[in-house]
Amino acid sequence: MKHHTSIHCLLVSACLSICLFATGCKEHYSDGERVGTVTKFSKAGVIWDSWDGLLNITQTGMNSSGSPFAFSLDNDRDDQEHLVRILQECQVKGYKVKLKYHQVWGLKNVFSNRGESDYFIDDLEIIDRDFANPLKNRQTGRVVDTVYVVIDKAELQKHIRRNKK
């Protein structure tokens with residue numbers, strides 16, 4: 001009788017653990033936006049084909065030094081072809097884009113059947129079409145004069161002390 005009760009407790013605890021893990025899976029574990037240029041975008045896969053890419057993150061027009069942001073297009077999306085065309089154009093032409101995404105957690109993409117990464121693109125916005133060629137269609141300037149400034153630390157400290165009095 002004791003052996004039968006311990007098996008029953010073990011089964012109940014296993015079922016509870018599975019239920020807790022399954023309900024802990026989230027489709028929108030996190031939501032966010034990233035800005036940059038698409039450096040890789042391709043379709044690949046062994047069992048499930050998926051569209052995956054890399055975004056070189058930029059800040060105020062300059063490239064950041066961090067690793068690229070890996071993203072995927074969800075295989076379950078109905079409008080995937082539209083986003084594929086836009087992302088391919090952005091990659092080829094070097095457009096600066098803002099990607100809106102959500103991250104999944106748990107069993108939502110455990111076999112990478114929806115994409116290689118857990119970050120799925122919900123929407124995108126082209127921010128700058130001339131990002132890759134900043135001099136295109138812009139007037140070039142000319143140097144009028146050059147000024148060099150040398151700051152003497154000791155003189156600066158004297159000036160600060162005089163102004164405090």
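Trp48 sits in the loop that links β1 (26-44) to β2 (50-59). In this predicted model, Trp48 has a relative accessibility of 39% and therefore counts as partly exposed, since that class lies between the limits of under 20% for buried and over 50% for exposed. Together with Val46 and Ile47, Trp48 makes a nonpolar surface patch of about 390 Å².

Read from the N terminus, the order of elements is α-β-β-β-β-α-β-β-α. Of the contacts between residues at least 6 apart in sequence, 60% join residues at least 24 apart.

In soluble globular proteins, nonpolar side chains tend to be buried together. Here the largest nonpolar core has 18 residues, and Phe41, Phe71, Leu73, Leu87 and Leu99 are those with the most contacts inside it. Two or more residues each come from β1, β2, β4 (69-72), α2 (80-93), β5 (96-105) and β6 (119-128). The largest share, four residues, is given by α2.

Leu87 shows how such core residues meet. Apart from neighbours within four places in sequence, Leu87 is in contact with Val38, Phe41, Phe71, Leu73, Leu99 and Leu124. Among these partners, Phe41, Phe71, Leu73 and Leu99 are also named with Leu87 as having the most contacts inside the core.

For the protein as a whole, 25% of the 165 residues are buried. The accessible surface comes to about 12,300 Å², and carbon and sulfur atoms account for 56% of this area.

Conventions: Residues numbered from 1 in each chain as written. Predicted model: local features only at pLDDT ≥ 70, side-chain atom pairs only at ≥ 80, totals over all residues. Heavy atoms only, no water. Patch = residues over 30% accessible without salt bridge, like charges linked within 9 Å, V, L, I, M, F, W, Y side chains within 5 Å. Areas by Shrake-Rupley, 256 points an atom, 1.4 Å probe, with all protein chains shown as cover. Salt bridge = Lys/Arg side-chain N within 4 Å of Asp/Glu carboxyl O. Buried < 20%, exposed > 50% of the residue type's maximum accessible area, 1.4 Å probe, protein only. Core = buried A, V, L, I, M, F, W, Y, C linked by side-chain atoms within 4.5 Å. Contact = heavy atoms within 4.5 Å.
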